[in-house]
Amino acid sequence: MEEKNFKNKRKDSQKKKYVDPNRLKDQSDNSKSYIKELAALAAILGTGTTGIAILPNDRVYAAQTSVDGKSQIVGSVSESTKTGVSNQVNSKSTEKENSISNSEAQSSSTSKSLKISESVSDSISQSESISDIVSQSQSFSHSLSQSESILNSLSLAKNKSTEKRSNTQKINRSHLSSNEHSTVLKSNKNVGENSTGINRSANPSRVSESTITSAYTSTSNNIPTTLQASLDLNKNISSLVNLPLATNNTIERNNSTANSQLPIALGANFVTLATTNETVVKPTFSGTVMIKNADGSNINGTDFKDGAVPTYTFRLSTYGDSTVTNPQFIIMIPKGFTATTADFSTLTNSQGIDIFSGGGFAGPYNGTSTIKELGNYGPNGEQLFMITLTGATPTWGNNFGGQVKLTLDANAKGVVSYNVYGAPFVSEVSNYAVANGTSPYGGGSYTFNVNGQAIEVVKNSTGINNQQGSINYSLNNTVELPQFTGVASFGNLNSSGAFVSGNSINYTSNTPQSQIPTLSVRLSTLGNSTVNNPQFIVMIPKGFTSSTTDFSLIDKNVGNYFGGQFNGSNQYSPSNYSIEDLGKVGPNGEQLFKIQLDFNPGWNVAQNFGGQFKLTLDPTQTGTYSYGSNGAPIVSELASDAKPSASTDANYTFVANGQNIAVVKSSASSIINYAINTNLLPTFTGTAILDANGKTYSGDSVPTYSFRLSTTGESTVQNPKFIVMVPDGFTATTDDFSFDTSGYSGTVSVKELGNYGPNGEQLFEVSLTGTTPNFTTNSVMGSVKLSPNFNGNTGGSHTYSNATAPLVAEVSNYSSTTYGTYTFNTSDGAVTVVKSPQTVNWTDPSNQAANSSGSVTYTIQVGKEQLPTTAYTISNIKVTPVAGETSSDAGYEQLAFSITPKQTLQDGQYIDVHLGLPDSNGNIENYDSKLAANLPLMTPNGVQIATAYNMGTYYRIVFNSEAAAYTSGNNKLTLNPILRWENPQSQQLSISTNQSSTNTTNLGKIYVYQYTDDESKFDTF
């Protein structure tokens, strides 16, 4: 609370106000929320401890109250600030006092107290005292204690204190649950006190006033602080049930405590407000569980039935510095089993050493323990138990060992698995320890939801069988099939251990055996399995054969055959598997083999199986072959042993020797394609990705430029070549090329051919070593870092599309010519290339059809200064409409005019020329959109002094350094450019070509249309 909420600014002035706690509770939306408001009293009181008594009828009574209107805290709080000379030490002091019991403050100190009055009658059958030892640790706490035998009652006794000395009290804290044990708080009798006030159950008496005071003094920074919690009792107590704490709301102030020591039993919950000046030092939790078969073997794969159960032993342990006492732990019972608190027992030190030999054990625990059942609140309904240790944390030499006698649930079914990354079997409540390891390694924290209340616990990363382990088992004859996830690869590893695919190759009788691929298979499943001796079918691709003696385990780099996707060491012996040749009974006469394992090759348990068939080519089987997700699978598992992981076309049936063999497929389909004595050319599907459309470039600005090299269809092509053209206005070197070949097994090289594009663009040859890059499996992505090359030849507008020279193309020897060709003329001769269905900005050919009209247009800025209209005259303007001679020729408007400079023209000065109608915004609506190439403007003696640049929709006539000599002094040169605008869609232009007298549309004349708001001028010229 801020100081202004309690203190009148005038010195020694106090304000007090009474607040009815019943009204406070009744006005709350939540019947228990007022408890939080009471607990907040600790924030006002500062250091120290006090208790708030709450009755069974949820009524709370307190003495005089002074509160902040926002805080809603019940109690009596007064605060004053006194500044002056101390009467005791004759020195200046400043004192702040929050008072409920009206206790006197000492010099240079802060005191806070709470006083609760009650008239007490009747007798107390049993008196107990709670005392607290105030130590140099500066900690003070009251704990909650419930007792079934005294109906949730708590007995308090008052200790006598004289002068400035505080009573020393002690709290006996119990974690015993009410349904198992009763908690008795032992009373302590102070020296010099009359013991006759303790056992009064046999002699009921009337007590006019009793006060229980708890004093806490802190010596931190040499500033003594005293908190007094006073409870005045002045009612005859005749029953321990529904014990009232106050009979009225009278305000009583008392500057002294009573001398008698009267116990009191409170039939309610006791809310503790604790204050400490020390930080709790938490150790690291290192507990673990050992779950084994009865004979000590691993339970993985065990089917528990007919009452059979595993052994369940656990170690509660920590390491590291700790100030924790009375820690709490959560024990989770495995799914399918149950236990009671009576099934828990402790281990002797010798038993612990024997059981936890791999991880160590050092006990026994030198404190006591209690066990409480929390209910079935595990993530799968598992039983949870809480163990509370009374004493220090169970560090080395003080380990706690326990065991649980499990009972099998005869109705439980299923396959169950656990690992260290999920809910822990053994954990410690996070208030008492930190985790051993982070979540990615099986440590970290976990939260149980117990009856709507979250209990956060910390884990040990080696919390299952003393390791980062996992267990799995089945219950009562449960049959569960895993998902088949196997896959096959067709190829070999090179000398560097990288996989080289055998796809897209034409194999002939001249192909060396070293270049014949192998067929490698990964047998793997996902999920729980109760299958014994699973069986798999492998089909050898058509045109190749193998044998049982040509089959072997993959001895090294096994994951490289499967794109790194292999989980396991593949360390098996021939006794773990068997292989059988079923003959050439595949759908096209392919050879089939059956492999049987004596284990489930599960993914989660890292037991994948990797085997390899050495293949022999049969060159007589001429043709092209392809295998994928549809049709007969290369590798599969019997349907009786697994479920398919493929979502479509998931099952297949082989017919072998008159018997049906039903198999399931994997979602990891094995894609294989090749030819035997047959040459196949794919279709080029590459494209250039040029982010320049509609943009203008000048200075150092350049677009991003990348490309994709890819094909589609069957192919036997090896070592293909491609041509990449740098867009006009930019330049690059071979060092500016970079490639992403993560999906391609070959290498890439780049060679510069020179400036042989149609407008002098640079050409580069990109060569691949390996198969053709198929779009769906191994496209090659490249990018080029461009540099500006803005000059008189590259300025203006530039367009690239399927109708122009392609930015990216494949040399025609390596691809079919389905979508047309283009020929570049280089110094080494003509290079004919094959176009893509869309040569530019075709981002996703798998989901988007080729757009032959796709194009990119950009502009290279030219010119430095636009000439004012006063610097020249325009004359002899004539527009001539011209229709295309054939249907393939575009119609156009031709503009002829004369330019006569009035001043000396400088390099970079320019004039823009538009042909069209101006709109109301001053923009020009062009008649037609396609402009001719850049046009040089020459003097009569053949000197070029300007260039008419195609700027996309208009021409810009830019004068060069030669212009000054022809426009200075008496040199009055006249230029006569002829420019055209074409209609790219038709041989007919956008205006009429009828020049006869019958045409009344004013053809052949020039009109200027100007926007006006004056309607009287509409349609006038």
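1. Pro-364 sits in the loop that runs between helix H4 (349-355) and strand E24, where helices (H or I, at least four residues) and strands (E, at least two) are DSSP runs numbered from the N terminus. The peptide bond between Gly-363 and Pro-364 is cis, with omega at about 0°. This is a predicted model, in which local features need pLDDT of at least 70 and side-chain atom pairs count only at pLDDT 80 or more, while totals for chains, interfaces and linings use all residues. Residues are numbered from 1 along each chain as its sequence is written, and side-chain values use heavy atoms, with hydrogens and water left out.

2. Asn-533 has a positive phi, near 55°, and lies in the loop between strand E38 (525-526) and strand E39 (535-539); because its relative accessibility is 37%, Asn-533 counts as partly exposed (buried means under 20% relative accessible area, exposed over 50%, and partly exposed in between, with a 1.4 Å probe and protein chains only). Ala-606 likewise has a phi near 55°, belongs to the loop between strand E43 (592-597) and strand E44 (609-614), and counts as partly exposed at 33% relative accessibility. As background, most residues other than glycine have a negative phi, and most peptide bonds are trans.

3. Strand E24 (368-376) is also one edge of a sheet, the other edge being strand E30 (445-450), and each of these pairs on one side only. The sheet is open, has 6 strands in the order E24-E25-E21-E29-E31-E30, and is paired in the antiparallel sense, two strands being taken as paired if DSSP finds at least two bridges between them. Within this sheet, strand E29 (residues 426-429) pairs with strand E31 (residues 453-458) over 2 bridges, and Val-429 has Val-457 of E31 as its bridge partner.

4. The structure holds 41 aromatic pairs, where rings of Phe, Tyr and Trp (its six-membered ring) pair if their centres lie within 6.5 Å, and planes under 30 degrees apart count as stacked, over 60 as edge-to-face and the rest as tilted. Phe-562 and Phe-566 form a stacked pair, because their ring centres are 6.2 Å apart and their planes meet at 20°; Phe-562 counts as buried at 8% relative accessibility, and Phe-566 counts as buried at 12%. Tyr-625 and Tyr-674 make a tilted pair, 5.4 Å centre to centre with 35° between the planes. Since Tyr-625 lies in strand E46 (residues 623-627) and Tyr-674 in strand E51 (residues 672-676), this pair ties together parts that are 49 residues apart in sequence, and both tyrosines are buried.

5. Ring pairs also link a cluster made up of Phe-551, Tyr-572, Tyr-577, Phe-593, Phe-599, Phe-609 and Phe-613.
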